[in-house]
Amino acid sequence: QVQVVESGGGLVQPGGSLRLSCTALGVPGSNHFVAWYRQNTTNGRDQREQRELVAQINYDGTKEYAAAVTGRFTIFRNNDKKTTRLQMNMVKPEDTAVYYCFFRSAGNPYWGQGTQVTVSS
């Protein structure tokens, strides 16, 4: 059974930094597509289709970022350890959201439960 676990969320001041970590326990395969999504749940509902893609690492190792975070966030991956990290720098209040880790291996998707990031002074 695969379990995807995120950590590192919390409260950070505008302009500060935060690092999110994620481990996919039991995920099969040796190469994975990984990504971080986020969703602002001010309406109290979690609808997966409303999640915003923040950053991804493709199977070939190339990285892609949403325009809103380019130059501020960096995504990392370790296939051997089945982990991914999201380094968030120069955070803004609009970065406030629940952040979700995502793995895809052999075509199968695996989601974490999410970790809250709040940017506020």
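**Close-up 1. Asp-95 and its salt bridge to Arg-72 in the predicted model**. Asp-95 counts as buried because its relative accessibility is 1%, and Arg-72, with a relative accessible area of 8%, is buried as well. The closest N and O atoms of this salt bridge are 2.8 Å apart. Since Asp-95 belongs to the loop between E8 and E9 and Arg-72 to the loop between strand E6 (63–65) and E7, the pair ties together parts of the chain that are 23 residues apart in sequence. Salt bridges with shared partners join Arg-72 and Asp-95 with Arg-38 and Glu-52 in one network.

**Close-up 2. Arg-38 with its partners Asp-95 and Glu-52.** In the salt bridge between Arg-38 and Asp-95 the closest N and O atoms are 3.0 Å apart, and this pair links strand E4 with the loop between E8 and E9, 57 residues apart. Arg-38 also forms a salt bridge with Glu-52, where the corresponding separation is 2.8 Å; here strand E4 is linked with strand E5, the two residues being 14 residues apart. Arg-38 counts as buried at 7% relative accessibility, whereas Glu-52, at 34%, counts as partly exposed.

**Close-up 3. The largest nonpolar core, with 26 residues**. Leu-20, Trp-36, Phe-73, Leu-86, Met-88 and Tyr-99 have the most contacts inside this core, to which several strands, including E3 (18–25), E4 (33–39) and E9 (97–105), each supply at least two residues. Apart from this core lies another, of six residues, among them Phe-33, Tyr-37, Val-98 and Phe-102.

**Close-up 4. The surroundings of Leu-86**. Beyond its neighbours within four places in sequence, Leu-86 is in contact with residues including Leu-18, Leu-20, Trp-36, Val-54, Phe-73, Ile-75 and Tyr-99.

Definitions and conventions:
Residues are numbered from 1 along each chain as its sequence is written. This is a predicted model: local features need pLDDT of at least 70, side-chain atom pairs count only at pLDDT 80 or more; totals for chains, interfaces and linings use all residues. Side-chain values use heavy atoms; hydrogens and water are left out. A nonpolar core is a set of buried Ala, Val, Leu, Ile, Met, Phe, Trp, Tyr and Cys residues joined through side-chain atoms within 4.5 Å. Buried means under 20% relative accessible area, exposed over 50%, partly exposed in between (1.4 Å probe, protein chains only). Helices (H or I, at least four residues) and strands (E, at least two) are DSSP runs, numbered from the N terminus. Contact means heavy atoms within 4.5 Å. A salt bridge is a side-chain nitrogen of Lys or Arg within 4 Å of a carboxyl oxygen of Asp or Glu.
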